[in-house]
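I opened this model to look at its strand pairing, an aromatic pair and a charged side chain. My entries follow in that order.

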Amino acid sequence: MITRSHSHFPIPVCETVLSNGLTVITAETTSCFVRVGIVFAAGSLDDGANPGAAHFLEHLLYEGTARDGVHPKLRYLHRTGIEENGEVGRSSTEYWVDGYKEDFGSILEALFSIACTFEYTTAYVDRERPVILQELDEGDDADQRLHLWE
């Protein structure tokens, strides 16, 4: 494990690289709110012959199979007022959960459980396809409507 402190950020952060290569960045603040996020170093530029794959996996992984868009592993935390979101960029896919400081451990546990236990069904894939097509039509990438989803 290697740990480095970075004091040149607006809020000093600590970067720890674990023996398995996972990089963990933490920042201690006096705020009562926390943001717990995970970033995968793979985005839309990594889709190769399957354009839209990163966007689709973001939906599958982070929304889970629930019909209301709330991942089942986060549902119990919604009573505490958490908010979650995800985004696919060109070089990364990110997902984060915002909540209260006292829920940090539960949020972290739920988020990493989601990232490490990826499950989906064919029915879910079929249900999610039109959602992604609609997002493509409404977004900046409307001209990249992909044959993969049609």
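I took two strands as paired if DSSP finds at least two bridges between them. Helices (H or I, at least four residues) and strands (E, at least two) are DSSP runs, numbered from the N terminus.

The model is predicted, so I kept its limits in mind: local features need pLDDT of at least 70, side-chain atom pairs count only at pLDDT 80 or more, and totals for chains, interfaces and linings use all residues. Residues are numbered from 1 along each chain as its sequence is written, and side-chain values use heavy atoms, with hydrogens and water left out.

Entry 1, the sheet. I looked up the partners of β2 (residues 13-17). Strand β1 (residues 2-6) runs antiparallel to β2 and is joined to it by 5 bridges. On the other pairing, β2 and β3 (residues 23-26) are antiparallel over 4 bridges. I then followed Glu15: it is the bridge partner of Arg4, and it also stands opposite Ile25 in β3. For Thr16 I found Val24 as the bridge partner in β3.

I noted the strand order as β1-β2-β3, an open sheet of 3 strands with antiparallel pairing. β1 and β3 stand at the edges with a single partner strand each, so one side of each has no neighbour in the sheet. Neighbouring strands are turned by 15° against each other on average, direction ignored; the axes are lines fitted to C-alpha atoms, for helices over the stretch in contact, with angles from 0 to 180 degrees between N-to-C directions.

In the hairpin of β2 and β3, I counted 5 residues between the strands, and Gly21 there takes a positive phi near 95°.

I found 1 aromatic pair in the structure (Phe, Tyr or Trp rings, the six-membered one for Trp, with centres within 6.5 Å; planes under 30 degrees apart are stacked, over 60 edge-to-face, the rest tilted). The ring centres of Phe33 and Tyr100 are 5.2 Å apart and the planes stand at 35°, so I logged the pair as tilted. Phe33 lies in β4 (residues 33-40) and Tyr100 in β6 (residues 93-100), 67 residues apart.

I located Asp103 in the loop between β6 and α2 (104-116). Is Asp103 buried or exposed? It is buried (under 20% relative accessible area; exposed is over 50%, partly exposed in between; 1.4 Å probe, protein chains only). I found no salt bridge for Asp103 (a side-chain nitrogen of Lys or Arg within 4 Å of a carboxyl oxygen of Asp or Glu). Arg79, the nearest side chain of opposite charge, is 5.9 Å away (Lys and Arg count as positive, Asp and Glu as negative; His and the chain ends are not counted).
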